[in-house]
Amino acid sequence: MTEFLIRNADMILTMDDDRQELAGADLLVRDGKIAQIGHRLTSDGEIHDATGCVVTPGLVNTHHHLYQTLTRAVPGGQDALLFGWLRTLYPIWSRFGPDEMFISAQIGLAEMALSGCSLSSDHLYLYPNGARLEHTIHAASELGLRFHPTRGAMSIGESDGGLPPDALVESEQAILEDMIRVVDAYHDPSEGSMCRVGLAPCSPFSVSRDLMRDAALLARDKGVMLHTHLAENDEDIAYSQDQFGCRPGQYAEELGWTGSDVWHAHCVKLDSAEIDLFARSRTGVAHCPCSNCRLGSGIAPVRKMRDQGVPVGLGVDGSASNDSGNLMAEARQSMLLQRVANGADAMSAREALEIATRGGADVLNRPDCGRLMPGKRADIAIWDVQGIESAGSWDPAALLLAGPTRVKHLFVEGRQIVRNSQIATIDLPRVIETQNLLARALAE
C-alpha cells in the first residue's frame, strides 16, 4: 500500500457533486485513489504541505493534435483562415515520421502537464512515413499522463475533391483495419485506465460518408468513443450544405454520430436545432476558444449549450492553430469570450474551471476523473497562490481571474508528474533540444 497526504491547503475546490470548497483542508491519497478529504487528517506516508496553495482536480483536455507542436508559428499559416492554414501545413506534415510523432507528443503533453492537465485526448489523423498511433501512446506512458488517443483518418485527397494532398490520405479499408488493431492492442476500458482509444475520422471534408458510418458501427461494436471536427467555421457550414445538402448536425445524426459516446471538436457554428439535438442525445463538445480566435472562426455558443444540457469540455486544439498548450489559459479565454458574447455575468471563473475539470472528464466518459471525491482517481493539481499572479487577490480560489497558469505540483494516479513547477518524469530539456532540431530540419 502506498499513500501520501496533501495537508493544510488554503482551499480545495473539489468539483464534487455538491461543488464543495474546503478551506484549510487535507487530502489523503492511497493506492492511486483519493481515500479521504477533510481536516486534521493523518498519514504515515509522505506529507505535501499545501499552505498557500489551492488544490483542484487535474484539468482535462478534450481536443489536441499533439504532432503540431513541431509546426508552431509557421509563417505561411500565421494569418490564414482554416482551409488556407491547412493547405500551408499539409506538405510539412507529410514529412513527419515516427520520431516526429513521439517527440512532438512528449513536448505537447509535458506542456499540458505544466498547465495542470492530468488527462488529455489527442486526435492524430495522419500517418506518414511509418508513423503509428502507438508512437504517441508510448510518449504519454513515459511521461505518466492519462491519455485518450484517437485513431484519426483522412481518405479523400485533392484528386477526389478533398482538402488534404493525396500523399496524406489512406484507403478506407486500411484505416478500418488499423482502427481495429489499435483498439485491440491499447484500449483499456477499466476504471482508472491510463489509456483509452477512440475512433476519429478527421472531418466531413476529408473522409467519405461510408467511412463515417463504418467508423461509428465499428466504435459501437468495440465499445469505444467517436470523435471528429464539426461546424468549426463558416467554410465548414458551406461545405456541408454544398456537398451533403444539410447542416453538419443533421449530417452527423444521419450517420450515427450523436450520442453520449460521441464528442465533436469546435461546434462554433451550431444553430439552435443542432444544440437541441446535442442536448437530447448527450453528444459532447470540445470547446477550443484560443484556436477559434487564432483562426478567426468565431465564438462557440457555450453559454447556450451549457444551459440546455450539452456536455462541454475544453480543448487546446493543435499547437499550430493555437501556438500554445496551456489549459488554464484556455479556461480563462473561454470565460472571457462568453462574457464578450453574452455579458460580464455570462460565465464565472468557477464555472469555467468546472468545464476544464469535471466537464471534460464527463465528455470523455470518465466519471472516475475530474473531481476530488473519495474513491475517485488521484489526479490532483496544486496551485501556488502566493506568487505575483495572485498578489492582492481577495479570492485566491478564483484562479482564472487572478492566479498562476503553471501548476506547482501535479499528481496522476497518485504519481507525481510535476514537482515544483518542473516535469519530474522525463528529461524535458533533452526532449526540447530534440524537438528544436527536428523543427529546424523540417524548415529547411
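**View 1. E274 and R247 form a salt bridge.** Their closest N and O atoms are 2.9 Å apart. A salt bridge here is a side-chain nitrogen of Lys or Arg within 4 Å of a carboxyl oxygen of Asp or Glu. E274 sits in helix α8 (residues 272–281). R247 sits in the loop between α6 (234–244) and α7. The two are 27 residues apart. Helices (H or I, at least four residues) and strands (E, at least two) are DSSP runs, numbered from the N terminus. E274 is buried, at 4% relative accessible area. R247 is partly exposed, at 22%. Buried means under 20%, exposed over 50%, and partly exposed in between (1.4 Å probe, protein chains only).

The model is predicted: local features need pLDDT of at least 70, side-chain atom pairs count only at pLDDT 80 or more, and totals for chains, interfaces and linings use all residues. Residues are numbered from 1 along each chain as its sequence is written, and side-chain values use heavy atoms, with hydrogens and water left out.

**View 2. R220 pairs with D261 in a salt bridge.** The N to O distance is 2.9 Å. R220 belongs to helix α5 (residues 209–222). D261 lies in the loop between α7 (248–254) and β11 (262–266), 41 residues apart from R220. R220 is partly exposed, at 36% relative accessible area.

**View 3. R377 and E413 join two loops.** Their closest N and O atoms are 2.4 Å apart. R377 is in the loop between α12 (349–363) and β14 (380–384). E413 is in the loop between β15 (409–412) and β16 (415–419). R377 is buried, at 8%, whereas E413 is partly exposed, at 23%.
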